Amino acid sequence: MTDPVSSTSTGAASAAPVFTASAPRPSPAQGWVMVGMLFLAGILSVIDRAALNILVDPVRGDLGISDEQIGLLQGLAFGLFYAFMGLPMGLLADRISRRNLIAGGIALWSVATIGSGLAQSFGWLFGARLMVGLGEAALGPAAISLIADLFAPERRGRPISVYMMGQGLANGIAISVTGLLVAAAAAGSFDGLPFVGHLVPWRMVFVIFGAIGLLVSATMLFLTREPPRQDVAAQGVPRAPGAAEAAYLWRNRAILMPLYLAFALVFTVAYGSMSWAPTMLIRSYGADAGFMASFLGPVSIVFSAFGPLLGGTLLDRSMRSGNTMARFAILSLAPFFALPSIFAVISTDLHVASVMVASSNAVFSVIGTVMFATLQSVVPPRMRGSSISLTLVLNTILGASLGPLLVATFTQRVLQDESQVGWSIAWVCLPFLLISAGLYALSWRAMRKARANGGSECAALIDGELA
């Protein structure tokens, strides 16, 4: 099979690789077993981050730290290695066993999560969160690349949505399970148990989540196998790792740069709002661990399940109908549906505010599902891992690192009232949402222009999927 971009008339065409015939794909059953393990891995990857968002005040009180330091733990501590190792992990995912890379990443971040629960100082906890970020940097690029080799283009929407659903559900699961564990520990239910019985509730939560992760890592190695790579490029002149990928991104920058930047800004909102929303409900409405477990968690799970399924269904139907540009319309409009969640503070009722907060799980899941599937369609197969890793780098630098810290800083230094954290979420996140919608529309416009004029590798690839 010939790479569709080789038919373009631009200078980029000469750099396009020639692909060998596709290897037979594994059976659907094997594919879905792998998706099931990726689903579990996605849940764990978010739970280990989200647990801290529910435990802000206990951790802050135990270690004697400020809101800004919590913001650093939620963002920069996790994001530093996650960002800087994202691209190397993406390049590795394009070159070595992705299954082994993911299993090793799960083991590393799980051990680090246990270390988080044993931390005795801000520095110790910061270091443990660094290691969590390093381990989790392996998951995204390798997972999406695996799915692309397990399922044909017209069938990728649903498995990607299931994988994304795991990460979406994890926020609600983290809220419910963390609330239940904290409430049970406060009632003395774990007294006398080995390893965790002597720990205060927030520490016990991290240790339990880390132990579960180690079990999932071992299970993945036992149940799954690495699939053959599809459309493998024939070897040409050797180039430095990442050089071909960087050249492709630059040639197609009019489409890809606003696409990537919009996604990073969306997740500045996601990380900023979701990191502080539980604390806002506690400080502004008097919510407690029991409410988090019995109401906010289940409602979040419902929205998280709906979002990826909606995104995957819309993708698959648009592909089967030949409307390849529908994905850009979804991306351009979806950020506006997150507005209620960032303005949840205007509600006068705890339950209404909680539903508004939880609704963002559906919105961000739709955006993530559609974005990842779009990237798999507009880059050549050799870049499937690295294209996803670049989103992780940008999302971490702008989203995970800045989002929580900006909200904390606005609360502490501008509003100077920790009970006003809900308004910090609103004023910090609003401009990011509006700009992201505009950038997605800009990428959509560039793709329409590229398809009309010809000569674009991204346009050739997206049209080639229909052929």
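Contact, in this briefing, means heavy atoms within 4.5 Å, and by that criterion Val177, Thr178, Leu181, Val182, Ala185 and Ala186 in H8 meet Pro201, Met204, Val205, Ile208 and Phe209 in H9. The model is predicted, with local features needing pLDDT of at least 70 and side-chain atom pairs counting only at pLDDT 80 or more, while totals for chains, interfaces and linings use all residues. Residues are numbered from 1 along each chain as its sequence is written, and side-chain values use heavy atoms, with hydrogens and water left out.

**Overall make-up**

- The protein chain contains 19 helices and zero strands, where helices (H or I, at least four residues) and strands (E, at least two) are DSSP runs numbered from the N terminus.
- Of the 467 residues in the protein chain, 59% are buried; buried means under 20% relative accessible area, exposed means over 50%, and partly exposed lies in between, with a 1.4 Å probe and protein chains only.
- Among the contacts in the protein chain with a separation of 6 or more, 84% come from residues 24 or more positions apart.

**Helix packing**

- Helix H8 (residues 157-186) packs against H9 at an angle of about 130 degrees, with their axes 9 Å apart; axes are lines fitted to C-alpha atoms, for helices over the stretch in contact, and angles run from 0 to 180 degrees between N-to-C directions.
- That angle makes H8 oblique to H9, given that angles under 35 degrees count as roughly parallel, over 145 as roughly antiparallel, 65 to 115 as roughly perpendicular and the rest as oblique.
- The crossing of H8 and H9 is right-handed, a crossing being left-handed if the near helix is turned anticlockwise from the far one by less than a right angle, and right-handed if clockwise.
- By class, the contact of H8 with H9 has ten nonpolar, one polar and no charged residues, where Ala, Val, Leu, Ile, Met, Phe, Trp, Tyr, Cys and Pro count as nonpolar, Asp, Glu, Lys and Arg as charged, and the others, Gly among them, as polar.
- The axes of helix H1 (residues 28-54) and helix H9 (residues 201-223) come within 10 Å and cross at roughly 165 degrees, so H1 and H9 are roughly antiparallel to each other, and their crossing is left-handed.
- The residues making the contact include Val33, Met34 and Met37 of H1 and Val205, Phe206 and Phe209 of H9, and the contact of H1 with H9 divides by class into 16 nonpolar, two polar and one charged residues.
- Helix H5 (residues 98-117) and helix H7 (residues 139-150) have axes that come within 9 Å and cross at roughly 150 degrees, which makes H5 roughly antiparallel to H7, in a left-handed crossing.
- In this contact Arg98, Arg99, Leu101, Ile102 and Trp109 of H5 meet Leu139, Ala142, Ala143, Ser145, Leu146 and Asp149 of H7, and the residues divide into seven nonpolar, one polar and three charged.

**Aromatic pairs**

- Ten aromatic pairs are found in a search of the whole structure, where rings of Phe, Tyr and Trp (its six-membered ring) pair if their centres lie within 6.5 Å, and planes under 30 degrees apart count as stacked, over 60 as edge-to-face and the rest as tilted.
- The rings of Phe267 and Phe364 have their centres 6.1 Å apart and their planes at 45 degrees, so this pair is tilted, and it links distant parts of the chain, with Phe267 in helix H11 (residues 253-285) and Phe364 in helix H15 (residues 350-378), 97 residues apart.
- Phe267 counts as buried at 16% relative accessibility, and Phe364 is buried with a relative accessible area of 5%.
- The rings of Trp423 and Trp427 have their centres 5.9 Å apart and their planes at 15 degrees, so the pair is stacked; being four residues apart in helix H18 (residues 421-453), Trp423 and Trp427 are separated by about one helical turn.
- Trp423 is partly exposed at 28% relative accessible area, and Trp427 is partly exposed at 44%.
- One aromatic cluster is formed by Phe263, Phe267, Tyr271, Phe364 and Phe372.

**Individual residues**

- Leu130, found in helix H6 (residues 122-136), is buried with a relative accessible area of 15%.
- Leu130 and Phe78 are 52 residues apart in sequence and 4.9 Å apart in space, C-alpha to C-alpha.
- Gln416, in the loop between helix H17 (403-415) and H18, has a positive phi of about 55 degrees although it is not a glycine, and Gln416 is exposed with a relative accessible area of 62%.
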